[in-house]
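Dear colleague,

Please find below the structure that I am handing over to you. I would be grateful if you could read the notes after it alongside the coordinates.

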Amino acid sequence: MSKKLLALTGNDAAAYAMKQINPDVVAAYPITPQTSLMEKFAQFVADGELDTEIVLVESEHSAMSACVGASCAGARVMTATSSQGLALMWEIVYIASSYRLPIVMPLVNRALSGPINIHCDHSDAMGIRDSGWIQLWAENAQEVYDNLLQAIRIAENSDILLPVAVNYDGFIISHAIENMYLYDDAEVKKFVGEYKPKYTLLDPKKPTTFGGFDLPDYYFEHRRQMADAMSKSAKVIADTAKEFSKICGREYKFIEGYKLEDAEVAIVALGSTVGTARAVVDELREKGVKAGLLKIRMFRPFPENEIADALKHLKAIAILDRADALNAVGGPLFDEIRAALYKKSTMPVVNYVYGLGGRDMGLVEINKVYSDLAEIAKTGKAKDLVTYLGVRE
Amino acid sequence: MAKTEKVKAPSWKEVVIGGINPDAGSAMKYNSGTWRTFKPVWSEEKCIQCSLCWINCPDSSIMIKDGKVCGMDLVHCKGCGICAAICPVKPKKAIEMVKEEK
């Protein structure tokens, strides 16, 4: 294992991972806050550091379409997007997963319009949560890099063959500079290996049809296969993390608890907020408050049992959602975690919708959540099931 | 004429993933001639073997043997009637559209 320590932004980290992966084809369109990723990657290609074919398209709909075409042809394919770009890809996002094409895509999370906003929230990723894409989430630039390298192996596993989105927070992770480790080119090359597609469009000896009409007599069976691949992917993700630990020195889990074992109250979150919450947990622990934290790294497939087991001993839980489902009930993470806890616990679970459109989520806001939790744990009752945290009243 | 295969539909564990069809030319096996209201009826006596029906058929439902029209492939014919409309034989055409009897 050889590592070098560098200061990079999250987008630089993603571009570096893509450089080391050296995909056959990348089709992408620039969109804030993804743009600097593709600029960096295009620079690597222009400098002759790798031999990827870059397809510069006129929209994200075409970007994902070109990716689907290239992947059907048997290429190792990547793209990247954010927000409206993902929304424009939506139709083809579903086609990529349904054709079982192992496309890997950094998804730099940004609010969806409107009103127009370019800053971080998770509404773009939540928009494709039911699309059959595996979703990994990163807390910092290091995890962006590490998750991307693992994503290739997960997507291309012959039992899985589903596309993977590697999520990270726009600007907060994508544009902020952090110290992080990069691994040796040869080690990464060996780890990601070579992609050998089972069916390819460009094999004259074995002609195949992709994208046939799938009427009521076959469609359901193909969707059932996708559900099966999604449930099998959890094991592949775990195995890949184990193997990757030989390179990176630590093993990625589906979920990661922080001071959770002996905690009485805890919050659950995705993305960069987990890092901020760690600092709050440390502060509270010094004051003798038994606070804990649970990070969700793997959101699709949803690790229901692991989450329920990690949380069942608590007295009160707050789920932080950086996206509102606008269902008048709460955010998407809240809904799924409440369902996961059903029958395992009757503890109060509350939801905080926060940080929409890049609204800051600082120590003060997270402290407020923990102090609410302390009250709920004491009384066993929550005043509000859903709180909009940081909104002006 | 290709015969439609009557086999038990495969389970989700058996079908090829992704809706991929690994068998080239398998459209011949699929009975797509179930939409018809009218079917073409061909008369060997009246036919002058001009092949206009064959070249105009939007599917491939005019059967040819030894360079001559020999019948209609009703497994794939959708009943569009182009063959009958294009047939130049007078006064009565060599292809007529007749209501399908189920």
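This is a predicted model: local features need pLDDT of at least 70, side-chain atom pairs count only at pLDDT 80 or more; totals for chains, interfaces and linings use all residues.

The model scores are ipTM 0.88 and pTM 0.91. For chain B, the mean pLDDT is 91, and 92% of its residues reach 70 or more.

Regarding the interface, 13 residues of chain B are in contact with 18 residues of chain A. The two chains bury about 1500 Å² between them, and carbon and sulfur atoms give 65% of that area. Of the area that chain B buries against chain A, 42% is supplied by B:W12, B:I17 and B:I20, which is more than any other three residues supply. On the side of chain B that touches chain A, there are 9 nonpolar and 4 polar residues, with no charged residues. The count of salt bridges between chain B and chain A is 0, whereas 5 residue pairs are in polar contact, both partners being at pLDDT 80 or more.

Within chain A, helix α6 (residues 141-156) packs with helix α7 (residues 185-192) at an angle of about 35°, and their axes are 9 Å apart. Helix α6 of chain A contributes A:Y145, A:L149, A:Q150, A:I152 and A:R153 to this contact, while helix α7 of chain A contributes A:V188, A:F191 and A:V192. By class, the contact of these helices comprises 6 nonpolar, 1 polar and 1 charged residues.

With kind regards

Notes: Residues are numbered from 1 along each chain as its sequence is written. Chains are lettered from A and ligands numbered from 1 in the order in which they are written. Side-chain values use heavy atoms; hydrogens and water are left out. Contact means heavy atoms within 4.5 Å. Buried area is the accessible area (1.4 Å probe) that two parts lose on being put together, summed over both. A salt bridge is a side-chain nitrogen of Lys or Arg within 4 Å of a carboxyl oxygen of Asp or Glu. A polar contact is a pair of N or O atoms within 3.5 Å; within protein, one must be able to donate a hydrogen and the other to accept it, and residues adjacent in sequence count only if both atoms are side-chain atoms. Ala, Val, Leu, Ile, Met, Phe, Trp, Tyr, Cys and Pro count as nonpolar, Asp, Glu, Lys and Arg as charged, and the others, Gly among them, as polar. Axes are lines fitted to C-alpha atoms, for helices over the stretch in contact, and angles run from 0 to 180 degrees between N-to-C directions. Helices (H or I, at least four residues) and strands (E, at least two) are DSSP runs, numbered from the N terminus. pLDDT is the predictor's confidence in each residue, from 0 to 100.
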